[in-house]
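Dear colleague,

Please find below the structure that I am handing over to you.

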Amino acid sequence: IEFVGAPIFNEVKDLRGVVLVFHDITDLKKVEQMRKDFVANVSHELKTPITSIKGFAETILDEEMEDPSIQKKFIQIIYNESARLQALVHDLLELSKLEKEELQLKIKKIPITELVEGITELAESQAVKKSITFSTNIEEGITLFGDSERLKQVIANLLYNAINYTPNEGKVILTVKQQDGRVEISVADNGIGIPKEQCSRIFERFYRVDPARSRNTGGTGLGLAIVKHIVEAHDGSIQVESELNKGSTFTVLLPTSIT
Ligand code: ADP
């Protein structure tokens with residue numbers, strides 16, 4: 001709490017009292033702290049791949065390093081790290097657009113078949129690489145109102161995470177159904193899961209349960225923050241139910257009509 005005080009005098013300059021104004025600055029402080037944390041996180045996330053790119057490039061440039069197979073290995077690392085930087089900058093720009101509400105949603109009526117088209121094929125091709133069984137259970141005839149590209153991004157992101165955080169030979173299921181006038185889209189996996197106490201935090205920017213694992217698999221730590229923004233811009237909600245080493249289910253609820 002911050003306060004400002006001012007004395008009050010009468011006509012003959014006798015002190016009659018004091019006016020104190022109290023401001024609750026807890027929220028302001030919190031916002032300021034979050035902003036600082038964000039800048040620190042971004043800097044850290046950028047610094048790590050840059051250090052690595054610079055280091056490996058220097059080693060290649062070193063005249064004594066002539067083995068072409070080692071050179072190739074280092075160039076591969078430089079490539080991977082650049083891809084990570086690119087993904088990070090892309091997600092940061094996305095998030096900043098969403099937060100500034102610059103992004104106008106292109107709302108239209110979307111048949112569910114149109115929404116999942118293409119995404120399921122992509123998920124299947126990723127799942128196969130890990131021998132993960134990917135299946136869908138999509139109720140017929142569902143239509144919803146929303147921005148098709150953005151909602152596709154939501155589903156693709158959840159599926160990407162499910163496959164990413166599920167060990168080889170696991171299972172991932174995409175379910176779409178209509179319930180109480182809303183469309184429920186859920187992505188369930190039987191992967192590594194999330195500790196209960198961390199479930200609410202994973203939608204925060206850069207929050208990761210296991211930072212090393214997420215970075216190694218190319219994650220930017222911004223995916224779920226972006227997903228949450230898009231869902232809420234559609235007047236929808238997202239929640240997660242998870243158990244460590246058993247799996248996770250992410251459920252998105254969207255209205256079927258525009259309000
Ligand atoms: P990342 O790029 O790290 O995957 P996200 O914002 O998409 O960033 O997710 C945040 C964190 O939530 C991840 O680092 C991971 O710890 C956890 N997470 C997300 N989806 C899953 C899932 N299906 N199973 C287990 N953990 C998950």
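Helices (H or I, at least four residues) and strands (E, at least two) are DSSP runs, numbered from the N terminus. The model is predicted, so local features need pLDDT of at least 70 and side-chain atom pairs count only at pLDDT 80 or more, while totals for chains, interfaces and linings use all residues. Residues are numbered from 1 along each chain as its sequence is written, and side-chain values use heavy atoms, with hydrogens and water left out.

**The ligand**

Around the ligand are 20 residues, of which Asn161, Tyr165, Ser214, Gly221 and Leu224 come nearest; a residue is near a molecule if one of its heavy atoms lies within 4 Å of it. By class, this shell holds 10 nonpolar, eight polar and two charged residues. In that division, Ala, Val, Leu, Ile, Met, Phe, Trp, Tyr, Cys and Pro count as nonpolar, Asp, Glu, Lys and Arg as charged, and the others, Gly among them, as polar.

Which atoms lie 2.8 Å from an oxygen atom of the ligand? One is a polar backbone atom of glycine 221, and another is a backbone N or O atom of leucine 224. In the side chain of tyrosine 165, an N or O atom is 2.7 Å from an oxygen atom of the ligand. These are polar contacts (pairs of N or O atoms within 3.5 Å; within protein, one must be able to donate a hydrogen and the other to accept it, and residues adjacent in sequence count only if both atoms are side-chain atoms). The protein buries 97% of the 530 Å² that the ligand exposes when taken alone, with accessible areas from the Shrake-Rupley method and a 1.4 Å probe; for residues, only the protein chains shown count as cover.

**The largest pocket**

The ligand takes up the space of the largest pocket. A molecule sits in a cavity or pocket if more than half of its atoms lie within 2 Å of its grid points. On a 1 Å grid over the protein atoms alone, a cavity is a set of points where a 1.4 Å probe fits but cannot get out, and a pocket is an open set with protein on both sides within 12 Å along at least five of seven lines; lining residues have an atom within 4 Å of a point.

The largest pocket has about 830 Å³ of space, a volume being the space filled by probe spheres set on grid points that are joined across faces, edges and corners. Its lining has 38 residues, and Asn157, Tyr160, Asn161, Tyr165 and Gly223 lie nearest the centre. With eight residues, α5 gives the most to this lining. The classes are 18 nonpolar, 14 polar and six charged.

**The second largest pocket**

About 310 Å³ of space lies in the second largest pocket. It is lined by 14 residues, with Met34, Asn41, Glu204, Arg205 and Phe206 closest to its centre. Two or more residues come from each of α1 (26-61), α2 and α7, and α1 gives the most, with four. Seven lining residues are nonpolar, two polar and five charged.

**The cavity**

How many cavities of 30 Å³ or more does a search of the whole structure find? There is one, and about 40 Å³ of space lies in the largest cavity. Its lining consists of Glu45, Pro49, Arg84, Leu85, Leu88, Arg208, Gly219 and Thr220. The largest share of that lining, three residues, comes from α2.

Yours sincerely
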